[in-house]
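Here are some worked exercises to go through with the structure on your screen. Try each task yourself before you read its solution.

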Amino acid sequence: MTKNKKKKNKDAHVKRLHNYYQRTGFYMFIWESLKKAFLPLVLVVIALFLFNNYVYNINDGLQKMTETFSRTSLLITFFASETILGLIPPEIFIAWSKKTSDPILNLVILATLSYLGGILAYYIGKASLKIGAVKEYLEVKMAKHLKNTKKWGGFLILVGALLPLPFAISCLTAGMIKYPVKNVILFGLFRFLRFAIYAWAIFSVVN
């Protein structure tokens with residue numbers, strides 16, 4: 001009897017959650033994000049292929065990048081970018097990892113740094129609330145993102161982790177609304193899946 005009651009309560013909770021996400025437009029947001037994510041991925045692969053064949057040999061460029069900059073400096077630059085609003089496309093670093101002596105290890109390091117950068121961005125967002133001018137600026141510039149994060153919470157972190165939306169921005173806004181850090185840590189793990197998918201696409205172009 002108790003078991004049936006728990007099941008009914010769980011089903012009712014899931015139904016309420018489904019109705020809420022449907023009413024607030026979350027499913028449409030996910031669908032639009034998926035469509036937007038698929039096209040850039042295809043365009044990145046096509047652009048890399050055309051650029052590599054008709055403009056400049058990407059493999060030579062990446063090889064030069066590997067020889068010119070130290071591994072440590074590249075990883076530090078990447079971590080800073082992934083912490084501060086995702087300023088540099090991570091695809092560049094994923095392509096770089098393919099040219100290193102241990103591409104899988106470096107890819108895992110990149111994914112880990114991206115994940116940790118997001119967590120650090122969360123705490124930056126939380127700390128920024130103590131600075132009036134910064135708080136006002138972020139709330140104005142990111143009002144829509146803040147509103148969506150308040151509505152959808154962890155699912156938006158998941159979307160930021162998986163799709164080509166700045167993961168750092170999702171985590172930053174999560175910190176600003178004081179979203180539970182344990183959920184950011186959990187949903188943020190999907191960042192590793194995102195890097196695996198993009199690596200599969202980019203590695204097929206880079207020799």
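**Exercise 1. Find what share of the protein's residues count as buried, then describe the overall make-up of the fold.**

Step 1. Of the 207 residues of the protein, 38% count as buried, where buried means under 20% relative accessible area, exposed means over 50%, and partly exposed lies in between (1.4 Å probe, protein chains only).

Step 2. Keep the origin of these values in mind: this is a predicted model, in which local features need pLDDT of at least 70 and side-chain atom pairs count only at pLDDT 80 or more, while totals for chains, interfaces and linings use all residues. Residues are numbered from 1 along each chain as its sequence is written, and side-chain values use heavy atoms, with hydrogens and water left out.

Step 3. The protein has twelve helices and zero strands; these are DSSP runs numbered from the N terminus, with helices (H or I) of at least four residues and strands (E) of at least two.

Step 4. For contacts between residues at least 6 apart in sequence, 77% join residues at least 24 apart. Contact here means heavy atoms within 4.5 Å.

**Exercise 2. Describe how helix α6 packs against helix α12.**

Step 1. Two packed helices are described by the angle between their axes and the distance between the axes. The axes are lines fitted to C-alpha atoms, for helices over the stretch in contact, and the angles run from 0 to 180 degrees between N-to-C directions.

Step 2. Helix α6 covers residues 103-128 and helix α12 covers residues 190-203; they pack at an angle of about 140°, with their axes 9 Å apart. That makes α6 oblique to α12, since angles under 35 degrees count as roughly parallel, over 145 as roughly antiparallel, 65 to 115 as roughly perpendicular and the rest as oblique.

Step 3. The crossing of α6 with α12 is right-handed. A crossing has that hand if the near helix is turned clockwise from the far one by less than a right angle, and is left-handed if anticlockwise.

Step 4. On the α6 side, the residues in contact include Pro103, Leu107 and Tyr115, and they meet α12 residues including Phe192, Phe195 and Phe203. By class, the contact of α6 with α12 has ten nonpolar, two polar and one charged residues. In this scheme Ala, Val, Leu, Ile, Met, Phe, Trp, Tyr, Cys and Pro count as nonpolar, Asp, Glu, Lys and Arg as charged, and the others, Gly among them, as polar.

**Exercise 3. Which residues do ring pairs link into a cluster?**

Step 1. The structure holds four aromatic pairs. Rings of Phe, Tyr and Trp (its six-membered ring) pair if their centres lie within 6.5 Å; planes under 30 degrees apart count as stacked, over 60 as edge-to-face and the rest as tilted.

Step 2. One of these pairs is Phe78 with Phe93, which is tilted, at 4.9 Å centre to centre and 55° between the planes. The pair links distant parts of the chain, with Phe78 in helix α4 (residues 71-83) and Phe93 in helix α5 (residues 90-98), 15 residues apart.

Step 3. Phe78 is buried at 0% relative accessibility, and Phe93 is buried with a relative accessible area of 4%.

Step 4. Phe78 also pairs edge-to-face with Phe195, at 6.2 Å centre to centre and 80° between the planes. Here Phe78 in helix α4 is linked with Phe195 in helix α12, 117 residues apart. Phe195 is buried too, at 1% relative accessibility.

Step 5. The cluster therefore consists of Phe78, Phe93 and Phe195, linked by ring pairs.

**Exercise 4. Is Ser97 buried or exposed, and which residues is Ser97 in contact with beyond its neighbours within four places in sequence?**

Step 1. Ser97 is found in helix α5, a mostly covered helix with seven of its nine residues buried.

Step 2. Ser97 counts as buried, at 0% relative accessibility.

Step 3. Leaving aside its neighbours within four places in sequence, Ser97 is in contact with Pro103, Asn106, Leu107, Leu110 and Phe203.

**Exercise 5. Work out how α4 meets α6.**

Step 1. The axes of α4 and α6 come within 7 Å and cross at roughly 40°, in a right-handed crossing.

Step 2. Among the residues that make the contact are Leu75, Phe78 and Phe79 of α4 and Leu110, Leu113 and Gly117 of α6.

Step 3. The residues of this contact divide into ten nonpolar, five polar and two charged.
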